[in-house]
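Please look over the sequence and the structure below before reading the briefing that follows.

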Amino acid sequence: MSIDKAKIHSHFNKRAETYNQSAAWVNDEKLLGKILKLAQVQDGWKILDLATGTGKVAEVLKGKGREVIGIDITPDMFLQNKAVDELIIASAHHMPFASGIFDLIVCRQGLQFMNLDLTYAEIHRVLKQGGSVVLAHLTSYGEEDFQDTYETLRLRNSARVNFFKKIDIPQSLVNFGFTITTIENHPCRENAIAWLDNGAVQEAEIEQAVEVYKSSNQQFKLWHQLEIEGQSIFETMNMQIVKAVKTRC
Ligand SMILES: C[S@@+](CC[C@H](N)C(=O)[O-])C[C@H]1O[C@@H](n2cnc3c(N)ncnc32)[C@H](O)[C@@H]1O
């Protein structure tokens, strides 16, 4: 699947105003608390919030280090971002920074839109030796639910180009010269209809996604704690949080 920057812009421009209410995980204090705890921010740290969006992750990092810089490619998402010390419109693929300047890079739910080889290489380049990266992304629980998870995520956001299994992000980080220090899995309970209806999705796609839930296999139903009653659908998604340290130049 090729990356379509115009599609990403169009999707997030439509959603920007209501983005903060578009999924339970966006404001999930337990999830944000876990990210902050893993980050172990120290005084004086220079932090990058990659794909900062409306700045929900930056909000919990604000004031903890020396500064938080946010980059993103969708200007409308910035309008609500009051958390970062500096906002830069730039792509993760070519970051406008010198090498080795950040102590910490965080990214929640951004990698699914990116060219991963370019992005991991850039994360590695702009991070100091010994610096940390904390990545939080939705994954399938295993092989058996991957296809149905993939379909629901694809139908909700057609700009998405990557779909992750639990092994993918840790494995890539190792390949790019990082050592994994922690992996946590955080359950995100969602009202699936509200989650699908994010303001940038057609009614037909929502209906298709509902069919995916209804016809999903037993393992998906079990792992995702799927509850379907009349018009209402609830599921529990898996948000994987990976912390790694740059150990190889
Ligand atoms: C699902 S939002 C996540 C926002 C925020 N990190 C959060 O956790 O709420 C994804 C964001 O990734 C941004 N994005 C997509 N591709 C990008 C790229 N190549 N470089 C920087 N940001 C990108 C989008 O514009 C959007 O704001």
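Among contacts in the chain between residues at least 6 apart in sequence, what percentage join residues at least 24 apart? The share is 71%, where two residues are in contact if their C-beta atoms, placed from the backbone, lie within 7 Å. This is a predicted model, in which local features need pLDDT of at least 70 and side-chain atom pairs count only at pLDDT 80 or more, while totals for chains, interfaces and linings use all residues. Residues are numbered from 1 along each chain as its sequence is written.

**Overall form**
- The chain holds 10 helices and eight strands, which are DSSP runs (helices H or I, at least four residues; strands E, at least two) numbered from the N terminus.
- The C-alpha atoms of the chain fill a box of roughly 55 × 35 × 35 Å along the principal axes.
- Of the 249 residues, 40% count as buried, meaning that 20 or more other C-beta atoms, placed from the backbone, lie within 10 Å of the residue's own.

**Strand β5 and its partners**
- Strand β5, residues 127-139, is mostly covered, with 10 of its 13 residues buried.
- Strand β4 (residues 102-108) runs parallel to β5 and is joined to it by six bridges, and Cys 107 has Leu 135 in β5 as its bridge partner.
- With strand β8 (residues 232-246), β5 pairs in the antiparallel sense over eight bridges, pairing being counted when DSSP finds at least two bridges between two strands; the bridge partner of His 137 in β8 is Gln 240.

Conventions. A residue is buried if 20 or more other C-beta atoms lie within 10 Å of its own, exposed if 12 or fewer, and partly exposed in between; C-beta atoms are placed from the backbone.
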